Amino acid sequence: MPQQDLFGGAPQPKPRTPQPSRKPAALEPYSWFFALRPGAADAMRIDVFSARLLSAHGVTGKRIAPERLHISLDAVDASMVEEACLAADSVRLPAIEVHLDAAMTFSGGAIVLAGAKGAQGMNGVRHLRTTLGCAMADRGFKLKSSYEPHMTLGYDTRNSIGPVAIEPVVFKVAELTLVKSHVGLTRHDVVRSWTLEG
């Protein structure tokens with residue numbers, strides 16, 4: 001029996017040559033940023049407070065370890081780390097007393113401590129960030145104009161908090177640090193630190 005022409009006389013399509021799969025672009029293994037970090041004793045105290053706060057609001061997501069608690073200032077591109085350090089070398093400011101008196105959920109499920117709207121307790125952080133930002137801008141950095149200082153306690157995409165007022169979490173910061181974060185490994189290395197005098 002002659003073979004039936006299933007394509008009505010039209011030329012049969014050629015089999016497609018499999019294309020080589022493209023490897024995803026390699027992710028940068030580190031991120032760099034300036035941060036203010038509580039001392040070890042304050043970090044442990046904040047961790048205990050964090051556990052009570054999150055439990056009281058039914059937050060069950062992953063918490064940040066005490067040694068990684070921090071207030072971010074500005075991100076630094078890996079190619080600009082040396083210039084960023086030179087900018088930080090020029091900063092001369094006193095130690096800062098931080099007042100965190102509100103808890104809330106940011107987009108992405110981050111549970112944070114921040115300053116209550118209109119409160120003055122984070123003005124020292126803002127002033128330091130502005131001073132550092134001006135020094136970095138002089139060396140070619142382009143920085144975000146918007147900035148809301150906060151400390152991330154953990155992440156929970158199912159349960160949220162406030163904003164709610166909390167008993168103020170107060171601690172003194174005596175140094176500015178440049179942090180190298182190992183992406184995906186929940187590990188922070190302090191690369192350099194600058195003492196805040198006074």
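## Largest pocket

The largest pocket of this predicted model holds about 460 Å³ of space. A pocket here is an open set of points on a 1 Å grid over the protein atoms alone, where a 1.4 Å probe fits, with protein on both sides within 12 Å along at least five of seven lines; lining residues have an atom within 4 Å of a point. Its volume is the space filled by probe spheres set on the points, which are joined across faces, edges and corners.

Lining this pocket are 20 residues, of which Trp32, Phe33, Asp74, Ala75 and Val76 are the closest to the centre. Two elements each give two or more residues to the lining: strand 1 (30-36) and strand 3 (71-76). Strand 3 contributes the most, with 5 residues. Strands are DSSP runs (E, at least two residues), numbered from the N terminus. By class, the lining has 9 nonpolar, 6 polar and 5 charged residues. Ala, Val, Leu, Ile, Met, Phe, Trp, Tyr, Cys and Pro count as nonpolar, Asp, Glu, Lys and Arg as charged, and the others, Gly among them, as polar.

## Second largest pocket

The second largest pocket has about 390 Å³ of space. Among its 19 lining residues, Ile64, Arg68, His70, Tyr155 and His188 are the closest to the centre. Strand 2 (62-63), strand 6 (150-155), strand 8 (175-182) and strand 9 (187-195) each supply two or more lining residues.

Strand 6 has the largest share of this lining, 4 residues. The lining consists of 5 nonpolar, 10 polar and 4 charged residues.

## Nonpolar cores

The largest nonpolar core contains 44 residues, and those touching the most other members are Phe34, Leu36, Leu53, Val76, Val98, Leu113 and Phe171. Such a core is a set of buried Ala, Val, Leu, Ile, Met, Phe, Trp, Tyr and Cys residues joined through side-chain atoms within 4.5 Å; buried means under 20% relative accessible area (1.4 Å probe, protein chains only).

Beyond four places in sequence, Leu53 touches Ala103, Leu113, Leu153, Ile161 and Ile166. A separate core of 5 residues includes Ala102, Met104, Val112 and Ala114.

## Confidence and conventions

The average pLDDT (the predictor's confidence in each residue, from 0 to 100) is 87 for the chain, and 85% of the residues score at least 70. Residues 1-10 stay under 50 and have 2 contacts beyond four places in sequence. Contact means heavy atoms within 4.5 Å.

Residues are numbered from 1 along each chain as its sequence is written, and side-chain values use heavy atoms, leaving out hydrogens and water. In this predicted model, local features need pLDDT of at least 70 and side-chain atom pairs count only at pLDDT 80 or more, while totals for chains, interfaces and linings use all residues.

How values were computed: Buried < 20%, exposed > 50% of the residue type's maximum accessible area, 1.4 Å probe, protein only.
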